[in-house]
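Please look over the complex below with the notes that follow.

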Amino acid sequence: MHRESVGKKYMEGILYYILLIPVAIIMILPFYWSLITSFKYNEDIFAIPIIWIPNRITLQHYIDAFTTVPYARYFANSFYLASLGVISNLFFGSLGGYAFAKLRFKGRNLIFRILLSSFMVPGIVTMIPQFLVVKNFPLVGGNDILGKGGTGLLNTYWAIVLPGAAGAFAVFFMRQFFVTLPTELAEASRIEGAGEFRIFWSIYMPLTKPALAALAIFTFQAGWNNFLWPMIVLNDPQKATIQMGLQAFSYNRNTEYGAMMAGSLIAIIPILVLFVFAQKYFIKGIAFSGMKV
Amino acid sequence: MTYGTAQTDKGIKAVKRHKLGRYQAIMGYLFIAPSVVLYIIFTGIPIISAFYLSFTNYDVLSTAKWVGLKNYKKLLDDEIFITSLLNILFYVVMYVPLMVVCSLLIALLLNRKLPGTNLFRTIYYIPGLTSSIAAATVWMWILNPEYGLLNQILSYVGITGPAWLANTSTAMISIVIVTLWQGIGGNMVIYMAGLQGIPATLYESAKLDGANKWQLFFYITLPGLRPTTFFIFIMSMIGSFQLFDQAFAMTQGGPGYATTTPVYLIYNEGFNQLNMGYASAMAFALFVIILVFSIINFRLNSSEQEE
(Lines give C-alpha, C1' and ligand atoms only; values in the text may rest on other atoms or scores of the structure.)
Protein backbone atom coordinates (compact mmCIF):
# COMPACT_ATOMS: atom_id res chain seq x y z
CA MET A 1 0.00 0.00 0.00
CA HIS A 2 2.69 2.43 0.98
CA ARG A 3 4.90 1.50 -1.95
CA GLU A 4 1.97 1.87 -4.31
CA SER A 5 1.29 5.47 -3.21
CA VAL A 6 4.99 6.34 -3.55
CA GLY A 7 4.91 4.95 -7.07
CA LYS A 8 1.79 6.91 -7.83
CA LYS A 9 3.38 10.11 -6.52
CA TYR A 10 6.40 9.46 -8.70
CA MET A 11 4.26 8.97 -11.80
CA GLU A 12 2.38 12.13 -11.02
CA GLY A 13 5.63 14.04 -10.73
CA ILE A 14 6.72 12.83 -14.15
CA LEU A 15 3.37 13.68 -15.68
CA TYR A 16 3.64 17.13 -14.14
CA TYR A 17 6.91 17.84 -15.90
CA ILE A 18 5.73 16.24 -19.15
CA LEU A 19 2.98 18.85 -19.19
CA LEU A 20 5.00 21.82 -17.99
CA ILE A 21 8.17 21.49 -20.05
CA PRO A 22 6.62 21.72 -23.54
CA VAL A 23 4.64 24.80 -22.47
CA ALA A 24 7.85 26.33 -21.11
CA ILE A 25 9.54 25.69 -24.45
CA ILE A 26 6.69 27.38 -26.33
CA MET A 27 6.94 30.36 -24.02
CA ILE A 28 10.70 30.75 -24.21
CA LEU A 29 11.52 29.62 -27.75
CA PRO A 30 10.46 32.89 -29.43
CA PHE A 31 13.02 34.71 -27.28
CA TYR A 32 15.78 32.28 -28.14
CA TRP A 33 14.83 32.38 -31.79
CA SER A 34 14.88 36.18 -31.96
CA LEU A 35 18.12 36.27 -29.99
CA ILE A 36 20.00 33.93 -32.32
CA THR A 37 18.51 35.62 -35.38
CA SER A 38 19.72 39.01 -34.15
CA PHE A 39 23.31 37.72 -33.99
CA LYS A 40 23.36 35.62 -37.17
CA TYR A 41 24.77 36.58 -40.53
CA ASN A 42 22.07 37.04 -43.16
CA GLU A 43 22.96 33.79 -44.96
CA ASP A 44 22.56 31.90 -41.70
CA ILE A 45 19.25 33.60 -40.92
CA PHE A 46 17.78 32.21 -44.12
CA ALA A 47 19.34 28.77 -43.83
CA ILE A 48 17.29 25.61 -44.09
CA PRO A 49 17.33 23.65 -41.83
CA ILE A 50 17.50 26.04 -38.90
CA ILE A 51 20.93 26.71 -37.43
CA TRP A 52 20.07 26.34 -33.76
CA ILE A 53 23.50 27.24 -32.45
CA PRO A 54 25.22 29.71 -34.75
CA ASN A 55 28.96 29.05 -35.08
CA ARG A 56 29.69 32.63 -36.07
CA ILE A 57 28.02 35.79 -34.88
CA THR A 58 27.83 39.42 -35.93
CA LEU A 59 26.79 42.65 -34.25
CA GLN A 60 25.85 44.16 -37.59
CA HIS A 61 22.09 43.97 -36.99
CA TYR A 62 22.41 45.91 -33.75
CA ILE A 63 24.55 48.50 -35.51
CA ASP A 64 21.91 48.68 -38.28
CA ALA A 65 19.11 49.12 -35.77
CA PHE A 66 20.86 52.12 -34.25
CA THR A 67 22.19 53.71 -37.44
CA THR A 68 19.49 53.32 -40.10
CA VAL A 69 16.93 54.90 -37.76
CA PRO A 70 17.55 57.02 -34.62
CA TYR A 71 16.75 54.05 -32.39
CA ALA A 72 18.76 55.33 -29.41
CA ARG A 73 16.73 58.50 -29.58
CA TYR A 74 13.45 56.53 -29.59
CA PHE A 75 14.71 54.54 -26.66
CA ALA A 76 15.52 57.70 -24.71
CA ASN A 77 12.15 59.27 -25.62
CA SER A 78 10.26 56.26 -24.36
CA PHE A 79 12.34 56.08 -21.23
CA TYR A 80 11.68 59.73 -20.52
CA LEU A 81 7.93 59.43 -21.15
CA ALA A 82 7.54 56.26 -19.10
CA SER A 83 9.52 57.77 -16.22
CA LEU A 84 7.45 60.95 -16.20
CA GLY A 85 4.35 58.76 -16.13
CA VAL A 86 5.71 56.88 -13.12
CA ILE A 87 6.60 60.01 -11.16
CA SER A 88 3.30 61.76 -11.77
CA ASN A 89 1.19 58.67 -11.14
CA LEU A 90 2.99 57.79 -7.93
CA PHE A 91 2.59 61.31 -6.60
CA PHE A 92 -0.94 62.16 -7.71
CA GLY A 93 -2.14 58.58 -7.28
CA SER A 94 -0.92 58.53 -3.68
CA LEU A 95 -2.26 61.99 -2.96
CA GLY A 96 -5.70 61.15 -4.31
CA GLY A 97 -5.69 57.61 -2.95
CA TYR A 98 -4.77 58.89 0.50
CA ALA A 99 -7.56 61.46 0.48
CA PHE A 100 -10.14 58.86 -0.59
CA ALA A 101 -8.94 56.47 2.12
CA LYS A 102 -8.14 58.69 5.09
CA LEU A 103 -9.66 62.16 4.83
CA ARG A 104 -13.29 62.94 5.43
CA PHE A 105 -15.10 65.26 3.06
CA LYS A 106 -18.49 65.55 1.45
CA GLY A 107 -19.05 63.54 -1.71
CA ARG A 108 -15.96 61.41 -1.16
CA ASN A 109 -17.54 58.08 -2.05
CA LEU A 110 -19.53 59.46 -4.94
CA ILE A 111 -16.48 61.07 -6.55
CA PHE A 112 -14.50 57.90 -6.03
CA ARG A 113 -17.20 55.84 -7.71
CA ILE A 114 -17.34 58.19 -10.67
CA LEU A 115 -13.56 57.92 -11.06
CA LEU A 116 -13.81 54.13 -10.93
CA SER A 117 -16.56 54.00 -13.50
CA SER A 118 -14.02 55.05 -16.13
CA PHE A 119 -12.68 51.49 -16.02
CA MET A 120 -15.90 50.40 -17.68
CA VAL A 121 -15.53 52.74 -20.66
CA PRO A 122 -13.35 51.25 -23.39
CA GLY A 123 -10.43 53.50 -24.30
CA ILE A 124 -11.44 53.56 -27.94
CA VAL A 125 -14.63 55.52 -27.16
CA THR A 126 -12.77 58.49 -25.73
CA MET A 127 -9.84 58.39 -28.15
CA ILE A 128 -11.18 60.76 -30.79
CA PRO A 129 -12.52 63.44 -28.44
CA GLN A 130 -9.38 63.11 -26.33
CA PHE A 131 -7.41 63.90 -29.45
CA LEU A 132 -9.62 66.95 -29.99
CA VAL A 133 -9.12 68.07 -26.39
CA VAL A 134 -5.38 67.82 -26.88
CA LYS A 135 -5.54 69.65 -30.20
CA ASN A 136 -7.81 72.40 -28.90
CA PHE A 137 -6.08 72.94 -25.59
CA PRO A 138 -6.34 76.68 -24.98
CA LEU A 139 -3.35 79.03 -25.03
CA VAL A 140 -0.71 76.53 -26.12
CA GLY A 141 0.72 75.56 -29.49
CA GLY A 142 -0.60 78.69 -31.19
CA ASN A 143 -4.14 78.26 -29.82
CA ASP A 144 -6.19 81.20 -28.60
CA ILE A 145 -8.22 81.12 -25.40
CA LEU A 146 -10.97 79.17 -27.18
CA GLY A 147 -8.49 76.58 -28.36
CA LYS A 148 -8.62 77.59 -32.00
CA GLY A 149 -5.94 78.45 -34.50
CA GLY A 150 -3.05 76.17 -33.60
CA THR A 151 -2.19 72.58 -32.84
CA GLY A 152 -2.51 72.77 -29.05
CA LEU A 153 -0.58 70.05 -27.29
CA LEU A 154 -0.29 67.88 -30.39
CA ASN A 155 3.23 66.79 -31.12
CA THR A 156 4.36 67.63 -27.60
CA TYR A 157 5.02 65.18 -24.78
CA TRP A 158 2.30 66.91 -22.78
CA ALA A 159 -0.18 65.14 -25.06
CA ILE A 160 1.03 61.83 -23.68
CA VAL A 161 1.94 62.75 -20.11
CA LEU A 162 -1.03 64.91 -19.17
CA PRO A 163 -3.99 62.62 -19.96
CA GLY A 164 -2.40 59.81 -17.97
CA ALA A 165 -0.68 61.84 -15.24
CA ALA A 166 -3.08 60.82 -12.50
CA GLY A 167 -4.70 57.69 -13.80
CA ALA A 168 -7.81 56.38 -12.09
CA PHE A 169 -6.00 53.08 -11.69
CA ALA A 170 -3.18 54.71 -9.68
CA VAL A 171 -5.68 56.43 -7.38
CA PHE A 172 -7.64 53.21 -6.92
CA PHE A 173 -4.53 51.13 -6.35
CA MET A 174 -3.12 53.49 -3.72
CA ARG A 175 -6.47 53.96 -2.01
CA GLN A 176 -6.82 50.23 -1.50
CA PHE A 177 -3.40 50.23 0.13
CA PHE A 178 -3.99 53.27 2.36
CA VAL A 179 -7.26 51.76 3.59
CA THR A 180 -5.29 48.92 5.17
CA LEU A 181 -3.11 51.34 7.20
CA PRO A 182 -4.30 52.34 10.71
CA THR A 183 -6.07 55.71 11.01
CA GLU A 184 -4.72 56.29 14.54
CA LEU A 185 -1.37 57.36 13.10
CA ALA A 186 -2.99 60.42 11.56
CA GLU A 187 -5.07 61.23 14.62
CA ALA A 188 -2.08 61.24 16.93
CA SER A 189 -0.24 63.68 14.66
CA ARG A 190 -3.31 65.84 14.25
CA ILE A 191 -3.48 66.34 18.01
CA GLU A 192 0.13 67.47 17.85
CA GLY A 193 -0.93 69.97 15.23
CA ALA A 194 0.70 68.52 12.12
CA GLY A 195 -0.74 69.69 8.79
CA GLU A 196 -2.57 67.20 6.56
CA PHE A 197 0.06 67.24 3.86
CA ARG A 198 2.81 66.57 6.38
CA ILE A 199 0.84 63.68 7.85
CA PHE A 200 0.42 62.26 4.38
CA TRP A 201 3.98 62.86 3.26
CA SER A 202 6.08 61.99 6.29
CA ILE A 203 3.92 59.51 8.16
CA TYR A 204 1.95 57.52 5.59
CA MET A 205 4.10 57.71 2.47
CA PRO A 206 7.10 55.90 3.99
CA LEU A 207 4.76 52.99 4.79
CA THR A 208 3.65 52.55 1.20
CA LYS A 209 6.96 51.59 -0.37
CA PRO A 210 5.89 48.10 -1.51
CA ALA A 211 2.71 49.47 -3.06
CA LEU A 212 4.62 52.29 -4.72
CA ALA A 213 7.12 49.82 -6.16
CA ALA A 214 4.35 47.69 -7.64
CA LEU A 215 2.56 50.73 -9.03
CA ALA A 216 5.80 52.16 -10.43
CA ILE A 217 6.50 48.97 -12.34
CA PHE A 218 2.96 48.67 -13.57
CA THR A 219 2.97 52.28 -14.80
CA PHE A 220 6.40 52.06 -16.36
CA GLN A 221 5.49 48.95 -18.29
CA ALA A 222 2.25 50.48 -19.52
CA GLY A 223 4.00 53.67 -20.59
CA TRP A 224 6.89 51.88 -22.23
CA ASN A 225 4.64 49.54 -24.21
CA ASN A 226 2.06 52.15 -25.18
CA PHE A 227 1.63 52.37 -28.94
CA LEU A 228 -1.64 53.67 -30.39
CA TRP A 229 -2.00 56.94 -28.48
CA PRO A 230 1.59 58.17 -29.03
CA MET A 231 1.23 57.28 -32.70
CA ILE A 232 -1.89 59.46 -32.92
CA VAL A 233 -0.58 62.55 -31.13
CA LEU A 234 3.06 62.60 -32.23
CA ASN A 235 4.14 63.08 -35.82
CA ASP A 236 7.62 64.53 -35.40
CA PRO A 237 9.94 61.55 -36.03
CA GLN A 238 12.42 62.98 -33.54
CA LYS A 239 9.82 62.61 -30.81
CA ALA A 240 8.71 59.10 -31.71
CA THR A 241 8.63 56.39 -29.06
CA ILE A 242 10.47 53.09 -29.31
CA GLN A 243 7.30 51.17 -30.14
CA MET A 244 6.52 53.57 -32.98
CA GLY A 245 10.10 53.32 -34.21
CA LEU A 246 10.08 49.54 -34.08
CA GLN A 247 6.75 49.30 -35.89
CA ALA A 248 7.86 51.72 -38.61
CA PHE A 249 11.14 49.87 -39.01
CA SER A 250 9.57 46.45 -39.36
CA TYR A 251 7.00 47.88 -41.77
CA ASN A 252 9.53 49.62 -44.02
CA ARG A 253 12.24 46.96 -43.90
CA ASN A 254 10.15 43.86 -43.51
CA THR A 255 12.77 41.48 -44.82
CA GLU A 256 15.61 42.59 -42.56
CA TYR A 257 14.80 40.08 -39.88
CA GLY A 258 18.15 40.39 -38.15
CA ALA A 259 17.69 44.07 -37.44
CA MET A 260 13.99 43.59 -36.65
CA MET A 261 14.89 41.03 -33.99
CA ALA A 262 17.67 43.24 -32.61
CA GLY A 263 15.20 46.11 -32.41
CA SER A 264 12.55 43.98 -30.71
CA LEU A 265 14.98 42.70 -28.11
CA ILE A 266 16.22 46.21 -27.35
CA ALA A 267 12.59 47.27 -26.93
CA ILE A 268 12.03 44.47 -24.41
CA ILE A 269 15.23 44.82 -22.40
CA PRO A 270 14.28 47.61 -19.96
CA ILE A 271 11.20 45.70 -18.82
CA LEU A 272 13.17 42.44 -18.59
CA VAL A 273 15.83 44.11 -16.45
CA LEU A 274 13.15 45.58 -14.24
CA PHE A 275 11.59 42.16 -13.95
CA VAL A 276 14.84 40.51 -12.92
CA PHE A 277 15.29 42.96 -10.06
CA ALA A 278 11.72 43.36 -8.94
CA GLN A 279 9.87 40.20 -9.90
CA LYS A 280 7.77 40.08 -6.76
CA TYR A 281 6.38 43.56 -7.39
CA PHE A 282 5.29 42.60 -10.90
CA ILE A 283 3.46 39.63 -9.50
CA LYS A 284 1.97 41.71 -6.69
CA GLY A 285 0.70 44.37 -9.08
CA ILE A 286 -0.95 41.96 -11.45
CA ALA A 287 -2.37 39.75 -8.72
CA PHE A 288 -3.82 42.86 -7.10
CA SER A 289 -5.57 43.93 -10.26
CA GLY A 290 -7.33 40.58 -10.29
CA MET A 291 -8.32 40.48 -6.66
CA LYS A 292 -10.24 43.69 -6.22
CA VAL A 293 -13.27 43.31 -8.40
CA MET B 1 -19.83 77.38 37.97
CA THR B 2 -17.83 74.29 37.19
CA TYR B 3 -20.77 73.06 35.21
CA GLY B 4 -20.68 76.24 33.12
CA THR B 5 -16.95 75.90 32.40
CA ALA B 6 -17.43 72.36 31.26
CA GLN B 7 -20.13 73.55 28.90
CA THR B 8 -17.89 76.22 27.34
CA ASP B 9 -15.03 73.76 27.15
CA LYS B 10 -17.26 71.40 25.25
CA GLY B 11 -18.35 74.27 23.05
CA ILE B 12 -14.76 75.28 22.28
CA LYS B 13 -13.87 71.68 21.52
CA ALA B 14 -16.82 71.34 19.21
CA VAL B 15 -15.87 74.53 17.38
CA LYS B 16 -12.28 73.34 17.18
CA ARG B 17 -13.36 69.95 15.87
CA HIS B 18 -15.59 71.64 13.37
CA LYS B 19 -12.70 73.81 12.21
CA LEU B 20 -10.42 70.80 12.00
CA GLY B 21 -13.08 68.95 10.04
CA ARG B 22 -13.36 71.82 7.61
CA TYR B 23 -9.62 72.04 7.22
CA GLN B 24 -9.49 68.30 6.59
CA ALA B 25 -12.25 68.54 3.99
CA ILE B 26 -10.48 71.37 2.18
CA MET B 27 -7.24 69.39 2.14
CA GLY B 28 -9.18 66.37 0.89
CA TYR B 29 -10.51 68.34 -2.07
CA LEU B 30 -7.05 69.73 -2.76
CA PHE B 31 -5.52 66.25 -2.66
CA ILE B 32 -7.95 64.79 -5.16
CA ALA B 33 -8.00 67.93 -7.32
CA PRO B 34 -5.26 66.87 -9.78
CA SER B 35 -6.89 63.49 -10.46
CA VAL B 36 -10.38 64.93 -10.68
CA VAL B 37 -9.45 67.84 -12.94
CA LEU B 38 -7.51 65.59 -15.31
CA TYR B 39 -10.36 63.09 -15.22
CA ILE B 40 -12.88 65.76 -16.19
CA ILE B 41 -10.71 67.10 -19.01
CA PHE B 42 -9.47 63.84 -20.49
CA THR B 43 -12.24 61.35 -19.65
CA GLY B 44 -15.44 63.12 -18.59
CA ILE B 45 -15.64 65.69 -21.38
CA PRO B 46 -14.47 63.19 -24.04
CA ILE B 47 -17.18 60.65 -23.13
CA ILE B 48 -19.89 63.26 -23.55
CA SER B 49 -18.40 64.77 -26.68
CA ALA B 50 -17.86 61.33 -28.23
CA PHE B 51 -21.58 60.79 -28.00
CA TYR B 52 -22.27 64.21 -29.49
CA LEU B 53 -19.68 63.78 -32.25
CA SER B 54 -21.27 60.54 -33.37
CA PHE B 55 -24.33 62.55 -34.46
CA THR B 56 -22.29 65.02 -36.52
CA ASN B 57 -20.28 65.00 -39.71
CA TYR B 58 -17.18 66.47 -38.01
CA ASP B 59 -14.09 66.13 -40.21
CA VAL B 60 -11.54 68.40 -38.44
CA LEU B 61 -11.41 70.81 -41.40
CA SER B 62 -14.93 72.24 -41.19
CA THR B 63 -17.18 72.83 -38.20
CA ALA B 64 -19.32 69.95 -37.00
CA LYS B 65 -22.84 69.79 -38.40
CA TRP B 66 -25.62 67.82 -36.73
CA VAL B 67 -26.69 64.94 -38.99
CA GLY B 68 -28.95 63.04 -36.61
CA LEU B 69 -28.84 59.27 -36.97
CA LYS B 70 -27.22 59.35 -40.39
CA ASN B 71 -23.90 57.94 -39.17
CA TYR B 72 -25.61 55.06 -37.40
CA LYS B 73 -27.75 54.27 -40.42
CA LYS B 74 -24.63 54.29 -42.57
CA LEU B 75 -23.01 51.81 -40.19
CA LEU B 76 -25.71 49.23 -40.85
CA ASP B 77 -24.93 49.31 -44.57
CA ASP B 78 -21.17 49.55 -44.15
CA GLU B 79 -19.94 46.14 -45.28
CA ILE B 80 -16.41 46.74 -44.06
CA PHE B 81 -17.67 47.66 -40.61
CA ILE B 82 -19.85 44.54 -40.49
CA THR B 83 -16.84 42.50 -41.62
CA SER B 84 -14.72 44.02 -38.86
CA LEU B 85 -17.38 43.09 -36.32
CA LEU B 86 -17.48 39.50 -37.57
CA ASN B 87 -13.68 39.41 -37.46
CA ILE B 88 -13.55 40.59 -33.90
CA LEU B 89 -16.32 38.20 -32.84
CA PHE B 90 -14.31 35.36 -34.32
CA TYR B 91 -11.25 36.58 -32.45
CA VAL B 92 -13.08 36.99 -29.13
CA VAL B 93 -14.75 33.58 -29.40
CA MET B 94 -11.38 31.93 -30.05
CA TYR B 95 -9.22 33.96 -27.71
CA VAL B 96 -11.23 34.39 -24.53
CA PRO B 97 -12.19 30.76 -23.79
CA LEU B 98 -8.70 29.56 -24.73
CA MET B 99 -7.18 32.19 -22.49
CA VAL B 100 -9.35 31.23 -19.53
CA VAL B 101 -8.80 27.48 -19.94
CA CYS B 102 -5.04 27.67 -20.58
CA SER B 103 -4.25 30.08 -17.77
CA LEU B 104 -6.41 28.08 -15.36
CA LEU B 105 -4.76 24.76 -16.28
CA ILE B 106 -1.28 26.22 -15.92
CA ALA B 107 -2.13 27.87 -12.62
CA LEU B 108 -3.48 24.55 -11.31
CA LEU B 109 -0.30 22.75 -12.33
CA LEU B 110 1.90 25.40 -10.75
CA ASN B 111 -0.13 25.50 -7.58
CA ARG B 112 1.62 22.36 -6.33
CA LYS B 113 4.92 22.65 -4.60
CA LEU B 114 7.30 20.58 -6.70
CA PRO B 115 10.89 21.47 -7.59
CA GLY B 116 11.08 24.06 -10.33
CA THR B 117 7.64 25.56 -9.81
CA ASN B 118 9.03 29.06 -9.38
CA LEU B 119 11.19 28.74 -12.47
CA PHE B 120 8.20 27.62 -14.54
CA ARG B 121 6.12 30.46 -13.21
CA THR B 122 8.80 32.96 -14.21
CA ILE B 123 9.18 31.46 -17.68
CA TYR B 124 5.43 31.54 -18.31
CA TYR B 125 5.24 35.11 -17.17
CA ILE B 126 8.04 36.48 -19.36
CA PRO B 127 6.07 36.76 -22.66
CA GLY B 128 3.72 39.11 -20.81
CA LEU B 129 6.59 41.55 -20.36
CA THR B 130 6.94 42.16 -24.08
CA SER B 131 5.19 45.02 -25.78
CA SER B 132 2.55 44.11 -28.32
CA ILE B 133 4.70 45.63 -31.07
CA ALA B 134 7.86 43.71 -30.13
CA ALA B 135 5.86 40.50 -29.85
CA ALA B 136 4.22 41.18 -33.20
CA THR B 137 7.60 41.80 -34.82
CA VAL B 138 9.12 38.62 -33.44
CA TRP B 139 6.09 36.56 -34.44
CA MET B 140 6.07 37.98 -37.97
CA TRP B 141 9.43 36.30 -38.32
CA ILE B 142 8.36 33.11 -36.55
CA LEU B 143 5.38 32.86 -38.90
CA ASN B 144 7.40 33.53 -42.05
CA PRO B 145 6.18 30.83 -44.46
CA GLU B 146 9.58 29.68 -45.74
CA TYR B 147 12.19 30.41 -43.11
CA GLY B 148 10.04 30.95 -40.03
CA LEU B 149 10.45 28.88 -36.90
CA LEU B 150 6.95 27.46 -36.87
CA ASN B 151 6.85 26.14 -40.42
CA GLN B 152 10.40 24.80 -40.16
CA ILE B 153 9.45 22.85 -37.05
CA LEU B 154 6.28 21.65 -38.77
CA SER B 155 8.40 20.47 -41.68
CA TYR B 156 10.38 18.26 -39.27
CA VAL B 157 7.23 16.20 -38.89
CA GLY B 158 6.37 16.40 -42.58
CA ILE B 159 3.73 19.14 -42.42
CA THR B 160 3.84 22.01 -44.87
CA GLY B 161 2.69 24.98 -42.85
CA PRO B 162 0.55 27.69 -44.44
CA ALA B 163 1.60 31.26 -45.16
CA TRP B 164 0.16 32.19 -41.79
CA LEU B 165 -0.19 35.94 -42.15
CA ALA B 166 -0.83 36.06 -45.90
CA ASN B 167 -3.75 33.66 -45.81
CA THR B 168 -7.23 34.97 -45.07
CA SER B 169 -8.09 31.77 -43.22
CA THR B 170 -5.05 31.75 -40.93
CA ALA B 171 -4.24 35.44 -40.40
CA MET B 172 -6.63 35.94 -37.50
CA ILE B 173 -5.70 32.59 -35.99
CA SER B 174 -2.09 33.77 -36.02
CA ILE B 175 -3.07 36.83 -34.02
CA VAL B 176 -4.93 34.59 -31.57
CA ILE B 177 -1.75 32.56 -31.09
CA VAL B 178 0.43 35.63 -30.55
CA THR B 179 -1.91 37.28 -28.08
CA LEU B 180 -2.40 34.03 -26.17
CA TRP B 181 1.35 33.60 -25.92
CA GLN B 182 1.59 37.10 -24.53
CA GLY B 183 -1.43 37.08 -22.26
CA ILE B 184 -1.43 33.72 -20.49
CA GLY B 185 1.29 34.61 -17.96
CA GLY B 186 -0.56 37.54 -16.46
CA ASN B 187 -3.83 35.68 -16.08
CA MET B 188 -2.01 32.67 -14.70
CA VAL B 189 -0.72 34.90 -11.89
CA ILE B 190 -4.23 36.18 -11.20
CA TYR B 191 -5.52 32.59 -11.08
CA MET B 192 -2.70 31.60 -8.72
CA ALA B 193 -3.68 34.44 -6.40
CA GLY B 194 -7.27 33.20 -6.63
CA LEU B 195 -6.21 29.66 -5.73
CA GLN B 196 -4.35 30.96 -2.68
CA GLY B 197 -7.59 32.59 -1.60
CA ILE B 198 -9.49 29.30 -1.29
CA PRO B 199 -9.33 28.25 2.39
CA ALA B 200 -7.30 25.06 2.88
CA THR B 201 -9.77 23.94 5.54
CA LEU B 202 -12.40 23.43 2.83
CA TYR B 203 -10.19 20.87 1.13
CA GLU B 204 -9.29 19.18 4.41
CA SER B 205 -12.87 18.69 5.52
CA ALA B 206 -13.91 17.49 2.07
CA LYS B 207 -11.07 14.97 2.12
CA LEU B 208 -12.24 13.74 5.49
CA ASP B 209 -15.64 13.20 3.94
CA GLY B 210 -13.94 11.02 1.34
CA ALA B 211 -14.03 13.32 -1.66
CA ASN B 212 -11.74 12.34 -4.54
CA LYS B 213 -9.58 14.69 -6.57
CA TRP B 214 -12.17 15.39 -9.24
CA GLN B 215 -14.79 16.11 -6.65
CA LEU B 216 -12.42 18.50 -4.89
CA PHE B 217 -11.84 20.25 -8.19
CA PHE B 218 -15.47 20.52 -9.26
CA TYR B 219 -17.01 21.26 -5.88
CA ILE B 220 -14.34 23.41 -4.22
CA THR B 221 -11.71 24.73 -6.64
CA LEU B 222 -13.93 25.77 -9.53
CA PRO B 223 -16.64 27.43 -7.41
CA GLY B 224 -13.92 29.09 -5.31
CA LEU B 225 -12.37 30.51 -8.45
CA ARG B 226 -15.61 31.83 -9.86
CA PRO B 227 -14.93 35.52 -9.08
CA THR B 228 -11.44 35.17 -10.57
CA THR B 229 -12.74 33.44 -13.69
CA PHE B 230 -15.41 36.08 -14.05
CA PHE B 231 -12.80 38.84 -13.75
CA ILE B 232 -10.42 37.26 -16.26
CA PHE B 233 -13.25 36.48 -18.64
CA ILE B 234 -14.66 39.98 -18.62
CA MET B 235 -11.31 41.79 -18.75
CA SER B 236 -10.03 39.58 -21.58
CA MET B 237 -13.25 40.14 -23.43
CA ILE B 238 -13.26 43.92 -23.10
CA GLY B 239 -9.59 44.00 -24.08
CA SER B 240 -9.92 41.65 -27.02
CA PHE B 241 -12.87 43.53 -28.50
CA GLN B 242 -10.41 46.41 -28.82
CA LEU B 243 -7.69 44.47 -30.61
CA PHE B 244 -5.51 46.85 -32.58
CA ASP B 245 -1.72 46.73 -32.14
CA GLN B 246 -1.15 43.24 -33.55
CA ALA B 247 -3.63 43.69 -36.39
CA PHE B 248 -1.91 46.95 -37.26
CA ALA B 249 1.69 45.78 -36.96
CA MET B 250 1.45 42.22 -38.30
CA THR B 251 -1.11 42.37 -41.07
CA GLN B 252 -2.27 46.00 -41.52
CA GLY B 253 -5.80 44.68 -41.31
CA GLY B 254 -5.22 42.29 -44.18
CA PRO B 255 -4.97 40.19 -46.20
CA GLY B 256 -8.04 41.77 -47.78
CA TYR B 257 -10.05 42.69 -44.69
CA ALA B 258 -9.33 39.44 -42.84
CA THR B 259 -7.84 41.10 -39.75
CA THR B 260 -9.51 44.49 -39.98
CA THR B 261 -10.84 45.04 -36.47
CA PRO B 262 -13.30 47.74 -35.39
CA VAL B 263 -10.57 49.71 -33.62
CA TYR B 264 -8.39 49.47 -36.70
CA LEU B 265 -11.26 50.84 -38.74
CA ILE B 266 -11.97 53.60 -36.22
CA TYR B 267 -8.32 54.61 -36.25
CA ASN B 268 -8.27 54.65 -40.02
CA GLU B 269 -11.58 56.44 -40.44
CA GLY B 270 -10.88 58.99 -37.71
CA PHE B 271 -7.21 59.77 -38.16
CA ASN B 272 -6.44 58.98 -41.78
CA GLN B 273 -9.75 59.85 -43.47
CA LEU B 274 -10.53 62.42 -40.75
CA ASN B 275 -14.18 61.34 -40.68
CA MET B 276 -14.29 61.82 -36.93
CA GLY B 277 -18.05 61.97 -36.69
CA TYR B 278 -18.48 58.65 -38.43
CA ALA B 279 -15.57 57.11 -36.53
CA SER B 280 -17.19 58.20 -33.26
CA ALA B 281 -20.38 56.43 -34.27
CA MET B 282 -18.33 53.28 -34.90
CA ALA B 283 -16.70 53.66 -31.50
CA PHE B 284 -20.06 54.00 -29.81
CA ALA B 285 -21.48 51.03 -31.66
CA LEU B 286 -18.50 48.99 -30.45
CA PHE B 287 -19.00 50.32 -26.93
CA VAL B 288 -22.63 49.19 -26.97
CA ILE B 289 -21.63 45.74 -28.21
CA ILE B 290 -19.02 45.40 -25.47
CA LEU B 291 -21.55 46.62 -22.94
CA VAL B 292 -24.18 44.10 -24.06
CA PHE B 293 -21.67 41.25 -23.81
CA SER B 294 -20.56 42.47 -20.38
CA ILE B 295 -24.14 42.66 -19.12
CA ILE B 296 -24.87 39.15 -20.38
CA ASN B 297 -21.80 38.02 -18.49
CA PHE B 298 -22.83 39.78 -15.30
CA ARG B 299 -26.28 38.23 -15.58
CA LEU B 300 -24.95 34.73 -16.20
CA ASN B 301 -22.51 35.11 -13.34
CA SER B 302 -25.10 36.30 -10.83
CA SER B 303 -27.69 33.70 -11.84
CA GLU B 304 -25.10 30.96 -11.40
CA GLN B 305 -24.27 32.30 -7.98
CA GLU B 306 -27.90 32.17 -6.94
CA GLU B 307 -28.18 28.49 -7.75
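1. Domains. Chain B is divided into domain 1 (1-53) and domain 2 (73-306). These bounds come from an automatic or database domain assignment. The C-alpha centres of domain 1 of chain B and domain 2 of chain B lie 43 Å apart.

2. Basis. This is a predicted model; local features need pLDDT of at least 70, side-chain atom pairs count only at pLDDT 80 or more, and totals for chains, interfaces and linings use all residues. Residues are numbered from 1 along each chain as its sequence is written, and chains are lettered from A and ligands numbered from 1 in the order in which they are written.

3. Confidence. The complex has an ipTM of 0.88 and a pTM of 0.88 from the predictor. Chain B averages a pLDDT (the predictor's confidence in each residue, from 0 to 100) of 88. In chain B, 93% of the residues score at least 70.

4. Secondary structure. Chain B has 13 helices and zero strands. Helices (H or I, at least four residues) and strands (E, at least two) are DSSP runs, numbered from the N terminus.

5. Overall form. The radius of gyration of chain B is 27 Å, whereas a compact globule of 307 residues would have one near 19 Å. That radius is taken over C-alpha atoms, and the globule rule is 2.2 Å times the number of residues to the power 0.38. The C-alpha trace of chain B spans about 105 × 75 × 40 Å along its principal axes.

6. Burial. What share of the 307 residues in chain B is buried? The figure is 41%. Buried means that 20 or more other C-beta atoms lie within 10 Å of a residue's own; 12 or fewer is exposed, in between is partly exposed, and C-beta atoms are placed from the backbone.

7. Chain-to-chain contacts. In all, 74 residues of chain A are in contact with 71 residues of chain B. H14(A) gives the most to the chain A side, with 15 residues. That side divides into 54 nonpolar, 15 polar and five charged residues. Contact means C-beta atoms, placed from the backbone, within 7 Å. Ala, Val, Leu, Ile, Met, Phe, Trp, Tyr, Cys and Pro count as nonpolar, Asp, Glu, Lys and Arg as charged, and the others, Gly among them, as polar.

8. Core. The largest nonpolar core has 162 residues. Such a core is a set of buried Ala, Val, Leu, Ile, Met, Phe, Trp, Tyr and Cys residues joined through C-beta atoms within 7 Å. Ile128(A) and Trp139(B) are among the members that touch the most others. Leaving aside neighbours within four places in sequence, Ile128(A) contacts residues including Ala50(B), Leu53(B) and Ala283(B).

Notes
Contact = placed C-beta atoms within 7 Å.
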